[in-house]
Amino acid sequence: MRDLVFRLDREVDKLIDSLDTHPVARTLFAGTIAADHYAEYLEQTQHYVGVAHELLRASGERLLAMHRLPLLARLLIEKSEEEAGHDAWARDDRMALGLGAVGSGPNVAVQAYIFGHRFEAEMGSGAAFLGTAYVLEALSARRASSTVRNLLLRSRIPGIEGAVTFLRAHGEEDRGHIARLASLLRGFTVPEDTEAILRSARRTRLYFPGFFSSPR
């Protein structure tokens with residue numbers, strides 16, 4: 001069987017492939033995204049990132065309460081502190097565009113993401129959220145910095161220079177985060193938790209393109 005990190009990287013590859021063909025996501029990467037689509041992306045980002053601190057901590061505390069995987073449990077709790085307040089970057093980017101802090105609320109893909117991961121954190125495998133963390137950090141490491149460069153070069157959105165805080169910060173931070181996470185997950189073989197981590201990664205890969213769609 002393939003190494004867990006190899007399998008997670010394939011989920012990242014599939015996610016990027018789907019975003020590269022998505023009618024809105026590909027314009028974000030290219031730096032040509034329309035202002036209303038960028039504002040919607042920032043709002044949905046604010047909603048899904050806003051629960052990361054809670055879900056990471058709940059996952060780590062669940063593992064500790066079950067007396068399982070203490071190294072991964074501590075990592076989850078540490079990452080919960082790293083993620084605290086990151087939703088404010090997306091909020092501030094929206095406000096830099098002259099928009100309010102919150103628009104129309106989480107769309108159906110973000111709602112599904114939140115509820116699915118909350119189930120794992122509270123009733124499923126405490127280790128599961130590491131799959132989501134890997135996919136999102138790998139996506140940022142591969143695409144966030146180039147997306148910022150393209151937005152600054154090509155975007156016609158007024159005020160875009162002050163509205164790339166979220167992407168810029170994650171492009172800079174997540175390269176180090178993903179390397180550390182990969183080193184801990186490489187060779188991880190506990191069957192139940194391995195499947196939960198992969199399930200979480202797949203769920204994120206399937207839901208994430210929907211973060212670019214408006215609420216219905």
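**Charged pairs and their surroundings**

Analyst: With a relative accessible area of 36%, R199 is partly exposed; this class lies between buried, under 20% relative accessible area, and exposed, over 50% (1.4 Å probe, protein chains only). The model is predicted, so local features need pLDDT of at least 70 and side-chain atom pairs count only at pLDDT 80 or more, while totals for chains, interfaces and linings use all residues. Residues are numbered from 1 along each chain as its sequence is written, and side-chain values use heavy atoms, with hydrogens and water left out.

The side chain of R199 meets that of E120 in a salt bridge, at 2.7 Å from N to O. A salt bridge is here a side-chain nitrogen of Lys or Arg within 4 Å of a carboxyl oxygen of Asp or Glu. This pair links distant parts of the chain: R199 belongs to helix 10 (residues 191-207) and E120 to helix 7 (residues 108-122), 79 residues apart. Helices (H or I, at least four residues) are DSSP runs, numbered from the N terminus.

E120 also forms a salt bridge with R203, at 3.8 Å from N to O. R203 in helix 10 and E120 in helix 7 are 83 residues apart, and this pair too links distant parts of the chain. E120 counts as buried because its relative accessible area is 4%. R203 is likewise buried, at 16%.

Elsewhere, R180 forms a salt bridge with E78, with the closest N and O atoms 2.5 Å apart. R180 lies in helix 9 (residues 165-185) and E78 in helix 5 (residues 70-83), so that the pair joins distant parts of the chain, 102 residues apart. Both residues are partly exposed: R180 has a relative accessibility of 38%, and E78 has a relative accessible area of 35%. R10, D13 and R142 are linked in a network of salt bridges. By the rule given above, the count of salt bridges comes to 16.

The nonpolar residues complete the picture. The largest nonpolar core has 62 residues, and those with the most contacts inside it are Y38, Y134, L185 and F208. Such a core is a set of buried Ala, Val, Leu, Ile, Met, Phe, Trp, Tyr and Cys residues joined through side-chain atoms within 4.5 Å. Helix 8 (residues 129-154) gives the most to this core, with 10 residues. In soluble globular proteins, nonpolar side chains tend to be buried together.

Methods: Helix = DSSP H or I, 4+ residues; strand = E, 2+ residues; numbered from the N terminus.
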